[in-house]
Amino acid sequence: MNLIESIKQNAKNNSQRIVLPESHEERTLKAADIAIKEGLASIILLGEKDRIIKKAHELSLKNLEQAVIIDPKTSDQREEYARLMVELRKSKGLTKDEAMNLLNDPLYFSTVMIKNGDADGEVAGADNATGDVLRPAFQYIKTMPGISVVSGAFLMFLKDKEFGENGLMIFADCAVNPNPTDKELAEIAIATAKTTRALAQIEPRIAMLSFSTKGSAKHEVVDKVVKATEIVRNTEPALKIDGELQADAAIIESVGVKKAPGSEIAGKANVLIFPDLNSGNIAYKLVQRLAHANAIGPILQGLAAPINDLSRGCSVNDIVELIAITANQAMSQK
Ligand code: ACO
């Protein structure tokens, strides 16, 4: 069984409640229909019931009859959710009227649903920018204990099996933090190691990437990567990590031997940690498009409950797979 099949099987065995706030979006409805048919999750759609049912008929999506549909604008839960929001944001001075207003937005309603224990995870972003999906999650779900920064990892399934772990590599952060500090970069590496073990089910070999290998160039942005590597080594001494490494030194054995002799990671990395969001986001999209890799994610790591953000260029299949991944995260966080 390949990794995605095994993730789907896990999801089937432990039905989790996954909320999809973008029910006006055609790919999302099609993915919801498939997820129900395959038994990957109990699906909750947010939006106007009549509109969703009409659209489901037009698209012949028969399985959607089994979805729970909740309209954030008329839900009986609004009062209770608004009270919870005011409580959670009292330091920010949120009023009840403001909370009621925010609840009209399905992206806020869904996160508060999860916070209140009425759903286990969320998938959104087919129709909304990353920031709009993440902000409610940051404000109401918050980070796991001991984590200060949420980041986004991708499972990259490469056609060329010589790289990573039989063609599987994990890239991070490709989605959230424009310019992490050295401490934040270290946290991203540690969180990605956890995702690699939990979801990809492999032992991480982490390369902290830069345009320099072992002092070949000097610059403050290189220093940040060196410092982050040192922080990870001090915090998690058992983790296999090296840096700073250039991308070729990290993944090509012959280059690794030359540029970083003696490194146990150079030439063998299966996890690539990028120094900033420019490099991480550009890298995953180039590998996806030029090398035809199957890029699954971003899988958000570090949130206290799983909320995952799609790229707006996603396919129906991307959404189905992310629903299964979110269900797996929900199980492992319980
Ligand atoms: N982890 C945890 N919490 C965070 C993080 C983080 N990485 N970043 C911000 N927060 C929290 C803040 O602490 C704050 O909490 P508070 O309101 O309780 O005090 C809240 O989130 C809002 O913080 P701001 O600093 O106001 O953050 P802002 O809303 O300006 O930005 C955002 C956050 C939207 C995630 C921003 O960092 C961003 O736009 N990142 C880039 C996203 C993106 O466009 N990615 C590329 C596309 S993704 C793709 O291609 C798949």
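Is Asp-242 buried or exposed? I looked this up before anything else, bearing in mind that the model is predicted. Asp-242 has 5% relative accessibility, so I put it down as buried, the cut-off being under 20%.

**Entry: the partners of Asp-242**

I next asked what Asp-242 pairs with. It forms a salt bridge with Lys-214, where the closest N and O atoms are 2.5 Å apart. Asp-242 sits in strand β8 and Lys-214 in the loop between β7 and α9 (220–235), so this pair ties together parts that are 28 residues apart in sequence. Asp-242 also forms a salt bridge with Arg-233, with 2.9 Å between the closest N and O atoms. I checked the cover on both partners: Lys-214 is partly exposed at 39% relative accessibility, and Arg-233 is partly exposed at 39% too.

**Entry: other salt bridges**

How many salt bridges does a search of the whole structure find? I noted 16. One of them joins Glu-38 and Lys-8, whose closest N and O atoms are 3.4 Å apart. This pair links distant parts of the chain, with Glu-38 in helix α2 (residues 26–38) and Lys-8 in helix α1 (residues 3–13), 30 residues apart. Lys-8 counts as buried at 16% relative accessibility, whereas Glu-38 counts as partly exposed at 31%.

**Entry: around the ligand**

Which residues come nearest to the ligand? There are 22 residues around it, and the nearest are Arg-89, Arg-135, Val-150, Ala-175 and Asn-177. I then went through some polar atoms one by one. Arg-89 places a polar side-chain atom 2.8 Å from an oxygen atom of the ligand. Ala-175 uses its backbone instead: an N or O atom there lies 2.8 Å from a nitrogen atom of the ligand. For Asn-177, a polar side-chain atom is 2.7 Å from a nitrogen atom of the ligand. On its own the ligand exposes 1,000 Å², and the protein buries 64% of that. The elements that give two or more residues to the shell are α7 (130–141) and α12. Helix α7 supplies the largest share, six residues.

Ile-282, Leu-286 and Leu-290 form a nonpolar surface patch, with about 320 Å² of accessible area together. Leu-286 itself is partly exposed, at a relative accessible area of 46%.

**Entry: helix α13**

At 1.5 Å a residue its 18 residues should span 26 Å, and its end C-alpha atoms are 26 Å apart, which agrees. This helix is mostly covered, with 13 of its 18 residues buried.

Where do the cis peptide bonds I noted fall? One runs from Ala-172 to Asp-173, with omega near -20°. Asp-173 is in the loop between β6 (168–172) and α8. Another cis bond joins Gly-243 and Glu-244, with omega about 0°. Glu-244 belongs to strand β8 (residues 240–245).

Then I turned to phi. Ser-60 has a positive value near 55°, and its place is in the loop between α3 (49–58) and β3 (68–70). Gln-201 has a positive phi of about 60°, although it is not a glycine. Gln-201 is in the loop between α8 and β7 (205–209), and it is partly exposed, with a relative accessible area of 46%.

**Entry: Ala-200**

Ala-200 lies in helix α8 (residues 182–200) and counts as buried at 5% relative accessibility.

Definitions and conventions. Residues are numbered from 1 along each chain as its sequence is written. This is a predicted model: local features need pLDDT of at least 70, side-chain atom pairs count only at pLDDT 80 or more; totals for chains, interfaces and linings use all residues. Side-chain values use heavy atoms; hydrogens and water are left out. Patches are made of residues with over 30% relative accessible area and no salt bridge: like charges are joined within 9 Å, nonpolar side chains (Val, Leu, Ile, Met, Phe, Trp, Tyr) within 5 Å. Accessible areas come from the Shrake-Rupley method with a 1.4 Å probe; for residues, only the protein chains shown count as cover. A salt bridge is a side-chain nitrogen of Lys or Arg within 4 Å of a carboxyl oxygen of Asp or Glu. Buried means under 20% relative accessible area, exposed over 50%, partly exposed in between (1.4 Å probe, protein chains only). Helices (H or I, at least four residues) and strands (E, at least two) are DSSP runs, numbered from the N terminus. The expected span of a helix is 1.5 Å times one less than its number of residues. A residue is near a molecule or strand if one of its heavy atoms lies within 4 Å of it. A polar contact is a pair of N or O atoms within 3.5 Å; within protein, one must be able to donate a hydrogen and the other to accept it, and residues adjacent in sequence count only if both atoms are side-chain atoms.
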